[in-house]
Amino acid sequence: LSAPSAVAIQGEKLIVADCLRMARAATAELRGDRTVERAMRAPVVQRRLSRSRRVFGVSIGKASPEMHAGLHQSVPPSIWAGGIVVSLVPHLRVEGAEHWSGDHPVPGKRSAVAARNVARFLEDARLTPDDLVIFCISGGTSSLIAGPPEGLSLAEMRTVYERLLLSGIDVANVNTVRRMMSALHNGGLARRASPARQLSLILTDIGRGGFEAVGSGPTFQSID
C-alpha cells in the first residue's frame, strides 16, 4: 500500500477543521442564554410582557445561569422585579437575582435549602394576576430542588434516588417516580406561583416524554 500523499493529508485536515467549526457554531447556538433570548422574542411572549406589571424569573437546573442571563437581558428593566437561580455551582454571582446551589445527582441538604428558598421567594413576591413568573427549567432540576414532602425524610429520599440511578431505568421513567417525591415537582412550583400568570421555558435533555419529564415537572403536573 502506498503512503497517503501530502495533498490527501492536507484535504483531511481541512475537512476536520470544517467539521470542528460547524460543531462549535451549532453548540454556540444551543447555549442556554441564546435559546432563551430567541424564545423571548416570540410575539406571544412579547404580548405577555407588555401586559405584565411585574416580571419574576425562576431559573433551575444545570443550564440555569446561562438561561437566567438570557432572560434577564430580554425583560425590560422597568418591569423586572427580581429572580432566583438554583444551579450546581456554589458561590455563583448572577445579575438581577439571588443564587442558591443544590446537590446533584442525589439530593442533599443544599437541595432542601434551595427548595425552601425558592418557595420563600415566590411567597415573598406577593404575586397577583397582573404579574408574570417566567420559569427557566433544565436538566438536574429533579435533584437541585428536591425538598421531601411531609412524611418523607431527606435520608429516605436520598436512598430512593440512589437506587433509581443504579437501576438502569431511563431518565423519563426515573422522573416518573421522582416527581411524586418532592413538594416542588409534579406541578408544585407552578402552584406556588399562583395567581400570577406563568411561562415555562424548558431546555430538555430527555429523548422522550412530555414537559413533565424534564426536571420531574416542577411546572407541569403529570396526567398519569
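The predicted model holds an open sheet of 5 strands, ordered β3-β2-β1-β4-β5 and paired in parallel; strands here are DSSP E runs of at least two residues, helices are H or I runs of at least four, both numbered from the N terminus, and two strands count as paired if DSSP finds at least two bridges between them. At the edges sit β3 (98-101) and β5 (197-203), each pairing on one side only. Neighbouring strands are turned against each other by 15 degrees on average, direction ignored. Further in, β1 and β4 (residues 131-138) share 7 parallel bridges, and valine 55 stands opposite leucine 132 in β4.

Helices pack on this sheet too. Helix α2 (residues 32-40) touches β4 and β5, with its direction at about 140 degrees to that of β5; contact means heavy atoms within 4.5 Å, while axes are lines fitted to C-alpha atoms (for helices, over the stretch in contact) and angles run from 0 to 180 degrees between N-to-C directions. Helix α4 (residues 64-74) lies across β1, β2 (80-87), β4 and β5, running at about 165 degrees to β2.

As for aromatics, a search of the whole structure turns up 1 pair. The ring centres of phenylalanine 56 and phenylalanine 121 are 6.1 Å apart with planes at 80 degrees, so this is an edge-to-face pair (Phe, Tyr or six-membered Trp ring centres within 6.5 Å; planes under 30 degrees apart are stacked, over 60 edge-to-face, the rest tilted). It ties together distant parts of the chain, 65 residues apart: phenylalanine 56 is in β1 (residues 54-60) and phenylalanine 121 in helix α5 (residues 109-124). Both phenylalanines are buried, meaning under 20% relative accessible area, with exposed over 50% and partly exposed in between (1.4 Å probe, protein chains only).

Residues are numbered from 1 along each chain as its sequence is written, and side-chain values use heavy atoms, leaving out hydrogens and water. As the model is predicted, local features need pLDDT of at least 70 and side-chain atom pairs count only at pLDDT 80 or more, whereas totals for chains, interfaces and linings use all residues.
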